Amino acid sequence: MGDQSAFLKIRNLTKMFGTFTALKDISLDVSEGEFICFLGPSGCGKTTFLRAIAGLDIQTAGTIEQAGKDISPLPPAERDFGIVFQSYALFPNLTVSRNIAYGLENAGASKTDIAARVAELLDMVGLGDQSDKYPAQLSGGQQQRIALARALATKPGLLLLDEPLSALDAKVRTFLRHEIKDLQAKLGITTVMVTHDQEEALTMADRIVVMDHGTIEQVGTPLEIYREPATLFVADFIGEMNQLAAVADKKNQVSINTLAFSCTDHDAPAGTKGVMTIRPEDIVPQAANSKAKAKASNIISVTIREMEFLGSFWRATLVDDKLGDQELTADFSINAVSRMSLDEGVTIKVELPKTALRFYGTGN
């Protein structure tokens, strides 16, 4: 039934644009003070979902409750949120101070209160000395911090962030990622952010909502999403992932040609065709004098066909006749490569740990 004490309750939300269904019967609970990320590829519905919460795109069906109040039919002006867009959306003809003060002025706050709140927010985002400048005089990162301060000015119950960092360069993006997360934790404000950047979601969110084609594929902590993807789409979308055609043998075993592998439990009937997955960093090279035994058939002999240096590790392409024309990608540490003299053309044994192997049935 969901969390009855949730700050934001979304039930059976559907949004149609003509005959196109952008959101399909979505339900979600968000706790007070939580930082949630909507993550997915372009066109998956994540921005439409955010806009529905804001009232910018009223839902076709379903309800949205915030702090116990049904806000489903309310226009944006009557909803309790602040929003930050990718494009900053600052008023170019107003100074930094006036941009931040805009919502407070519309709410009828006194000049004294406005001045105090603006000064507080400028200090909070580290731009106390920029109050009299205009947006065009600021860098992109500074403009986005002003946009954030403006969104927080009226002390909203909910902060909505629509890909707020995607227009910035990588270094500024990384810096602001930490700034926003620290500020959100300090204020304790419930926050929903849309992003297509996996790293952004994994580092900032308390929970991630992975979306595809207008539906929710999985909701979980960053660690759960990364280590325990619920569907093949999530496994494929989040991070690097090996995908090998396989067949289910039993609930904790699959096979590729003549090779049998123990894996995490799945519910596919024996004989079901599907995909076996494992992350490159989970493949463990075995030293020649290793005492590990292959009784679970999860230690296999492979040949290193290619090696690519990626700075903090080597990415290796592994092949073997028993895998057919399929190949494995493995990430080996620099120390392991040096210690074990790994190189192209070398044949080694690798372990595919049972806990890192997952199977997703795709049909018979």
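## Packing of α4 and α5

The crossing of α4 and α5 is right-handed, a crossing being right-handed if the near helix is turned clockwise from the far one by less than a right angle and left-handed if anticlockwise. The contact, meaning heavy atoms within 4.5 Å, involves Gly141, Gln144, Arg145, Leu148 and Leu152 on the α4 side, and Val172, Phe175, Leu176, Ile180, Leu183 and Leu187 on the α5 side. Of the residues in this contact, eight are nonpolar, two polar and one charged, where Ala, Val, Leu, Ile, Met, Phe, Trp, Tyr, Cys and Pro count as nonpolar, Asp, Glu, Lys and Arg as charged, and the others, Gly among them, as polar.

Helix α4 spans residues 140-152 and helix α5 residues 170-187, and the two pack at an angle of about 20° with their axes 11 Å apart. That angle makes α4 roughly parallel to α5, a term for angles under 35 degrees.

## Basis of the description

The model is predicted, so local features need pLDDT of at least 70 and side-chain atom pairs count only at pLDDT 80 or more, while totals for chains, interfaces and linings use all residues. Residues are numbered from 1 along each chain as its sequence is written, and side-chain values use heavy atoms, with hydrogens and water left out. Helices (H or I, at least four residues) and strands (E, at least two) are DSSP runs, numbered from the N terminus.

Four of the five residues of β6 are buried (under 20% relative accessible area, with a 1.4 Å probe and protein chains only), so β6 is largely enclosed by the rest of the structure. Five bridges join β6 to strand β7 (residues 158-162), and the two run parallel; strands pair if DSSP finds at least two bridges between them. Val84 stands opposite Leu161 in β7.

The loop between β6 (81-85) and α2 (96-106) holds Tyr88, which has a positive phi of about 70° although it is not a glycine, and which is buried at a relative accessible area of 13%. Thr95 is found in the loop between β6 and α2 and counts as buried at 16% relative accessibility. Not counting residues up to four places away in sequence, Thr95 touches Ser131, Asp132, Lys133 and Tyr134.

## His213

His213, a residue other than glycine, has a positive phi near 50°. His213 is placed in the loop between β9 (207-212) and β10 (215-220), where His213 is exposed (over 50%), with a relative accessible area of 57%.

Note on methods:
Axes fitted to C-alpha atoms, helices over the stretch in contact; angles between N-to-C directions. Parallel < 35°, antiparallel > 145°, perpendicular 65-115°, else oblique.
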